[in-house]
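Please open the model in a viewer and keep the selection tool at hand. The stops below run from the whole chain to particular side chains.

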Amino acid sequence: MLKIKSIDFIKTVYDESLSHNIFSIANIHFSNYPPINGALLYWKKNLSRSEFTPEGDYKFFYDMANITYYASVKFPKNIKLTRDQKQELAYILLDERGSIGTYSLKTHPSRRKKFNPKLSLAKLDFPKNFDIKSIPSYVGPIIDEIDMTHILDNNPEMSKQFIHDYCFWRYNLVKLHPTEFEEYLDYVDFSYICYACDQLNEQYLIEHLDQVDVSTLQYNYPVLSRLSASFKNYIVEQLRRQKIKINEHFEGEIELFIEDETYFSEYSTIHLLDEDELIDEDEEKFDFHFFEYDRGQYKWPGSEHMVKGIPSLACQIYDDMGYKKRSNKEMDKIFNSYSKKQMDLMCAVFEPHWLHRYREHLDWRIVCQYNGYLSEDFLNAHLSYIDFEALGNNLWCELSEAFIEKHINHFNHNQPVPIIIRHLTEELYLNYRDKIKVDSDLLYQYYGAIGNDEYERLQELLSE
């Protein structure tokens with residue numbers, strides 16, 4: 001085994017003259033092997049089904065549901081590693097560097113060159129007293145005769161040419177990142193943004209809550225697939241309150257829609273590969289055969305203590321959806337403007353830094369039940385705020401068996417506790433079988449979280 005001592009990421013480059021988009025250059029130091037200097041970490045558009053590039057570099061994908069772009073590593077020619085060794089080391093470098101090119105793809109300057117919203121807007125000849133709601137949100141850039149006739153009948157002051165031009169403009173507008181079209185919101189119905197923009201995140205929706213149209217948002221599958229159960233509940237409540245017909249794709253499975261964040265993943269992207277060619281998520285987790293290294297006590301993506309010169313992608317100024325991370329001062333100003341409803345919805349998506357900063361102002365019942373960022377360390381540091389009954393219903397955060405055992409008496413055992421069942425082990429069940437309420441059918445619902453071996457052992461115990 002080759003032992004990695006440290007990895008230095010020394011540079012970030014964006015050069016459009018290059019065929020590859022290099023996002024980092026790595027130097028790797030070993031304790032039993034000569035250093036490797038100048039490994040290029042890059043991303044590129046995927047144009048073939050091959051697992052390897054023409055140069056023999058292995059392709060890695062940040063999300064196997066979207067293989068439009070791949071990341072890879074080009075090593076110096078003089079290194080004497082096998083292809084399998086290069087593949088494993090490339091994986092380590094990309095994983096250590098943080099989310100593979102995520103924010104760079106979203107915010108790369110070349111995205112802005114294909115469409116200039118300001119110049120295109122200036123060319124539109126708006127009719128007098130134009131109403132942005134006069135053209136339905138479901139109308140795209142290609143308009144059929146029935147829709148065109150309907151729009152013209154209701155808006156005789158509009159020309160057919162203007163309708164075509166305007167629909168094409170707003171179609172291109174919402175393909176931009178939401179932070180890029182913020183200044184043009186007066187010119188486009190927010191219902192259309194809810195319907196057609198696939199880069200909306202939950203915080204953006206919450207901060208524009210008074211404009212959100214749940215009737216169109218319920219058809220935006222890429223966005224729905226990323227929302228928390230808290231916001232999905234809000235959508236369903238609003239649809240029912242406003243007596244709007246619920247999307248037939250989840251009308252009969254509301255509970256599944258709310259609980260499963262992957263429910264709409266099949267709609268979120270266009271697949272370039274056939275379904276049987278996609279790699280299972282579990283297969284992407286490498287067992288290291290050639291390299292070993294110690295990250296120390298810190299194991300967050302990017303392992304910043306090993307990164308010298310620049311921080312990892314995960315810690316830079318953009319998040320993984322391309323939204324600029326806010327300073328404390330910026331966030332304080334926005335937080336103070338939230339309504340009670342906005343503040344409650346934010347409880348589900350605030351990262352630990354913000355949960356701690358605004359701890360005295362948050363509803364911790366909502367935080368405990370819906371927030372997926374909760375960690376064992378964070379909970380231990382905020383025990384006085386924790387609502388264990390609500391935490392028992394959290395389906396997303398990960399806890400250790402030791403934490404659950406330590407606080408087992410704080411949960412409400414008058415009914416099954418989902419967070420305990422998700423983390424249930426043979427030993428935990430044997431120690432607290434008089435408290436933990438679970439049966440074979442309920443255990444099966446949490447099969448994916450429990451794992452096959454533990455599931456089989458627990459089923460045997462339950463059948464005794």
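This is a predicted model: local features need pLDDT of at least 70, side-chain atom pairs count only at pLDDT 80 or more; totals for chains, interfaces and linings use all residues.

Residues are numbered from 1 along each chain as its sequence is written, and side-chain values use heavy atoms, with hydrogens and water left out. Of the 464 residues, 48% count as buried (under 20% relative accessible area, 1.4 Å probe, protein chains only).

Next, select Trp-354 and Tyr-358. A search of the whole structure finds 30 aromatic pairs (ring centres of Phe, Tyr or the six-membered ring of Trp within 6.5 Å; planes under 30 degrees apart are stacked, over 60 edge-to-face, the rest tilted). Trp-354 and Tyr-358 form a stacked pair, 6.0 Å centre to centre with 10° between the planes. Trp-354 is buried at 13% relative accessibility, and Tyr-358 is buried at 4%.

Now select Phe-388 and Phe-411. Their ring centres are 5.4 Å apart and their planes at 90°, so the pair is edge-to-face. Phe-388 lies in helix H18 (residues 388-391) and Phe-411 in the loop between helices H19 (401-406) and H20 (418-422), so the pair ties together parts 23 residues apart in sequence (helices are DSSP runs of H or I, at least four residues, numbered from the N terminus). Both Phe-388 and Phe-411 are buried.

Finally, select Phe-126, Phe-130, Phe-162, Tyr-166, Trp-169, Tyr-184 and Tyr-187, which ring pairs link into a cluster.

How values were computed
Buried means under 20% relative accessible area, exposed over 50%, partly exposed in between (1.4 Å probe, protein chains only). Helices (H or I, at least four residues) and strands (E, at least two) are DSSP runs, numbered from the N terminus.
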